[in-house]
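Colleague: Could you walk me through this one, please? I would like to start with the whole chain and then look at a single residue.

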Amino acid sequence: MIPIAKPLIGQEEIDGVVNVMRSGVIAEGPKVKEFEEAFARYIGVEHAIAVNSGTAALLVALQAKGLGPGDEVITTPFTFIATANAILYTGARPVFADIREDTFNIDPEDVKSKITDRTKAIIPVDLYGQTADMKAIMDIASDHCLAVIEDACQAHGASIDGKKAGSFDVGCFSFYPTKNMTTSEGGMVTSADSSFSDRARMVRSHGSRIRYFHEMLGFNLRMTDISAAIGLAQLRKIDAYNDKRVENATRYSEKLAGIRGLVTPTVGRGNKHVFHQYTIRITDAFGIDRDEVIRRLGSAGIGSGIYYPLPIHLQQYYKQLGFNDSHPIAERMAKEVISLPVHPSVTFEDINLITDTIRGLSH
């Protein structure tokens with residue numbers, strides 16, 4: 001089976017973990033600080049705050065920005081549910097704006113239409129490894145005095161017009177095993193704002209700057225030195241990993257070009273897409289439906305995934321909360337998308353097999 005995702009763990013990661021275990025400092029310690037400083041340099045910001053998941057990164061960012069009951073945060077319905085759940089955790093309410101068909105990312109024009117006097121922030125998502133239209137989003141935020149919390153959980157190393165994902169206002173990253181780099185579990189908040197970053201560090205550690213002295217309500221969302229040791233080794237490899245993903249994506253797009261009813265990914269102007277996922281669309285013109293394509297790929301030993309089969313506003317819990325609006329592009333994309341294996345372990349021979357199999361299904 002060619003898997004849809006495969007974490008790459010080498011001797012460097014193993015040695016890093018063993019060294020931490022031998023040191024006796026296995027909770028948050030010097031390796032976390034070293035990882036934070038290295039990641040901040042990589043993104044091009046002054047501050048990075050390590051946490052224990054991408055969801056924690058979003059929660060810390062929202063809390064440190066002061067979001068709470070009565071506030072609204074505009075985001076996309078076409079993402080992993082953690083993006084919206086983190087808003088709910090603060091007592092604020094997500095407001096969904098539809099996406100663009102070409103990039104799957106939030107549509108700035110629809111964002112404008114959703115702004116009210118309760119809107120306090122925008123959370124764009126850099127879906128599949130392609131940065132959202134951050135210039136347009138930052139302009140909207142500036143015009144309306146809104147915070148921007150960029151969900152870059154799938155976009156380590158991505159950029160737009162040379163500026164890296166996570167370097168605009170506040171960035172949030174995930175290091176889950178399927179991501180472009182991993183710490184096993186973990187996340188990171190990035191920012192150039194010293195005051196915000198100070199609050200974020202308190203939120204992640206029980207509202208405390210100094211142990212046993214607490215200034216605000218916080219949580220235990222800290223990263224361990226074990227995870228940070230893995231992250232440091234992975235960070236040294238991330239550009240090479242991303243280059244291989246881009247190479248694989250280019251090969252896919254060449255091999256899948258011209259198939260009726262199949263749409264390959266679009267890379268926006270000025271974007272460096274790091275292809276956390278290589279996502280195609282199977283439209284009605286393809287001749288067989290998306291689920292049958294997935295079944296036949298599986299029969300050929302090829303893994304695939306649907307990210308995401310049901311937009312957030314249609315999820316049962318959100319319907320119970322009263323979300324009944326429509327976002328037609330997100331809803332249509334959820335019925336058409338398939339992600340194919342694109343991780344660095346995928347070879348050109350694998351891609352040839354996958355694309356030949358897909359071509360054999362088309363009419």
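This is a predicted model: local features need pLDDT of at least 70, side-chain atom pairs count only at pLDDT 80 or more; totals for chains, interfaces and linings use all residues.

Colleague: How many helices and strands does the protein chain have?

Modeller: The secondary structure of the protein chain comes to 13 helices and 15 strands. Its radius of gyration is 20 Å, close to the 21 Å that the globule rule gives for 363 residues, so the chain is as compact as a globular protein of that length.

Colleague: And what share of the residues count as buried?

Modeller: Of the 363 residues in the protein chain, 55% count as buried. As for the accessible surface, it comes to about 15200 Å², and 52% of that belongs to carbon and sulfur atoms.

Colleague: Is isoleucine 106 buried or exposed?

Modeller: Isoleucine 106 has a relative accessibility of 1%, and because buried means under 20%, this residue counts as buried.

Colleague: Which residues is isoleucine 106 in contact with, leaving aside its neighbours within four places in sequence?

Modeller: With those neighbours left aside, its contacts include Ile74, Thr75, Thr76, Val111, Pro124 and Ile137. Threonine 76 is 30 residues away from isoleucine 106 along the chain, yet their C-alpha atoms are separated by 5.6 Å.

How values were computed:
Residues are numbered from 1 along each chain as its sequence is written. Side-chain values use heavy atoms; hydrogens and water are left out. Helices (H or I, at least four residues) and strands (E, at least two) are DSSP runs, numbered from the N terminus. The radius of gyration is taken over C-alpha atoms; the globule rule is 2.2 Å times the number of residues to the power 0.38. Buried means under 20% relative accessible area, exposed over 50%, partly exposed in between (1.4 Å probe, protein chains only). Accessible areas come from the Shrake-Rupley method with a 1.4 Å probe; for residues, only the protein chains shown count as cover. Contact means heavy atoms within 4.5 Å.
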